[in-house]
Amino acid sequence: MFKKKFFALVLALLLLPAVCFAEFTVNSDSRTFNMLTGVYDLVGNVTVQFPAQGSDMTIKGDRAIVQMWQQELHGNGHVKLDWNGLAFTCDKVDVYQKERTAYLAGNLVFNHNGNHITSNTGSYCWKTKLAVFEGNVVVNGVAKKDGYTYSFK
């Protein structure tokens with residue numbers, strides 16, 4: 001009797017990540033998953049669908065760490081972030097589901113409805129629907145020395 005209960009408990013704990021975080025979808029050439037820490041280490045042709053306010057944000061890149069328990073993603077190398085028609089490309093991204101914010105860095109390029117923005121760094125908050133760009137910001141060919149905020153409202 002004890003063995004059956006123990007086996008059922010272990011099975012439930014093993015299935016916990018799949019049940020609690022089913023909205024995450026991860027694909028890559030190679031991956032490891034640490035069940036104790038809830039961390040995916042993804043390498044090569046990484047694609048992660050990350051839940052973001054009713055729809056999925058798709059993040060692609062060369063490498064990513066997905067922390068399931070913290071609901072965070074940290075990716076680098078040829079990063080592409082797409083969400084509801086918004087398209088960001090950069091070298092590095094850090095996504096924090098609890099903040100509802102993605103922080104982007106390195107060769108940042110943003111395109112939306114004919115607008116083209118480049119900068120060193122930026123962030124996008126899907127709660128406020130604001131994208132903030134800083135460092136060498138150029139908006140549709142015009143330099144902005146004090147940074148730039150783009151609103152999707």
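A disulfide is a pair of cysteine sulfur atoms within 2.5 Å. Searching the whole structure by that rule turns up zero disulfides. Before you click on, note that this is a predicted model, where local features need pLDDT of at least 70, side-chain atom pairs count only at pLDDT 80 or more, and totals for chains, interfaces and linings use all residues. Residues are numbered from 1 along each chain as its sequence is written, and side-chain values use heavy atoms, with hydrogens and water left out.

Select cysteine 90 to begin. At 5% relative accessibility, cysteine 90 is buried (under 20% relative accessible area; exposed is over 50%, partly exposed in between, with a 1.4 Å probe and protein chains only). Now jump to cysteine 125, which is buried too, at 15%.

Next, the charges. How many salt bridges does a search of the whole structure find? Two, counting a side-chain nitrogen of Lys or Arg within 4 Å of a carboxyl oxygen of Asp or Glu.

Aspartate 41 is partly exposed at 23%, and arginine 63 is partly exposed at 36%.

Last stop: pick aspartate 94 and lysine 92, whose side chains form a salt bridge at 2.7 Å, N to O. Aspartate 94 is buried at 14%, whereas lysine 92 is partly exposed at 40%.
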